[in-house]
Amino acid sequence: MWVYRLKGKPEELEPLIPELFDRGSRGLEEREGEILAYFPAPVELPFGGEWQELPDEDWLEAWRRDLRPVQAGPFYVLAPWHEVGEGIPLVIEPGMAFGTGHHETTRLALKALARHARPGQRVLDLGTGSGILAIAAAKLGAEALGVDIDPSVLPLAEENARRNGVAVRFLPGSLVEALPQGPFDLLVANLFAELHVALAPRYREALVPEGVLLLTGILREKAPSVRQALEGVGFSPLGAEEEGEWVLLAYRR
């Protein structure tokens, strides 16, 4: 087994994750300032990383052994082979989709959902990935819809929902495709700051009056531009949370 080590800023590395999987990665680990992608053998990659051959061992078992459950607010995020702990369990298969609870932005979003989501609400998870946020909303009693522009992640999200015993709808597409399914009481999106800025007017279209918007995936230094875009289309701030260099912004329509 080989590992491809790629260093850089989070906003530079995260867009490469889907392509690393497309090019044959069997697993991926995010660390501070770098990504480690595991491959059966080296392949031609244009990203400027470094290859390293791993010792002969069952790397998958080692990866599973080292993967730990994560607490995020009332939620306890675990893989299928972990024992259930205290809190609301979210059983998520670590795979090709982003969202296992190990990244700060996912934890921020889970904590914010626990504060703002209510039973019976209609919730949109934009860029659903593994489906973790839509599943969390459903576990809080909401009617959840997850959408993602990458249709290849949706079967995993659907399987995760079944594993957690909740009914969640998943659709391929972007906010444009989600709008006819609304309006929503709450919208949660773990995307890049630049996307939030571009989508600010559409976020308003997607929500009912007084609807809640939870946005993360935002680096601290880019939060002012997101705030300006949202307040420029009439959103009112509800608060902000930080973990590491990442920010979650909560707004009301």
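Student: Which residues have the most contacts inside the largest nonpolar core?

Tutor: A nonpolar core is a set of buried Ala, Val, Leu, Ile, Met, Phe, Trp, Tyr and Cys residues joined through side-chain atoms within 4.5 Å, where buried means under 20% relative accessible area with a 1.4 Å probe, protein chains only. In this predicted model, the largest such core has 38 residues, and those with the most contacts inside it are Leu90, Leu110, Leu113, Val168, Leu186 and Leu214. Helix H5 gives the largest share, 7 residues. Helices (H or I, at least four residues) and strands (E, at least two) are DSSP runs, numbered from the N terminus.

Student: With which residues is Leu186 in contact?

Tutor: Contact means heavy atoms within 4.5 Å. Neighbours within four places in sequence aside, the partners of Leu186 include Leu113, Val123, Leu207 and Leu214.

Student: In what order do the strands of the open sheet stand?

Tutor: Two strands pair if DSSP finds at least two bridges between them. Here 4 strands follow the order S2-S3-S1-S4, with antiparallel pairing. Strands S2 (27–31) and S4 (50–53) each have a single partner strand, so one side of each lacks a neighbour in the sheet. S1 (residues 2–7) is joined to S4 by 4 bridges; Val3 has Gln52 as its bridge partner in S4.

Student: What conventions apply to numbering and to the values?

Tutor: Residues are numbered from 1 along each chain as its sequence is written, and side-chain values use heavy atoms, leaving out hydrogens and water. In this predicted model, local features need pLDDT of at least 70 and side-chain atom pairs count only at pLDDT 80 or more, while totals for chains, interfaces and linings use all residues.

Methods
Buried means under 20% relative accessible area, exposed over 50%, partly exposed in between (1.4 Å probe, protein chains only).
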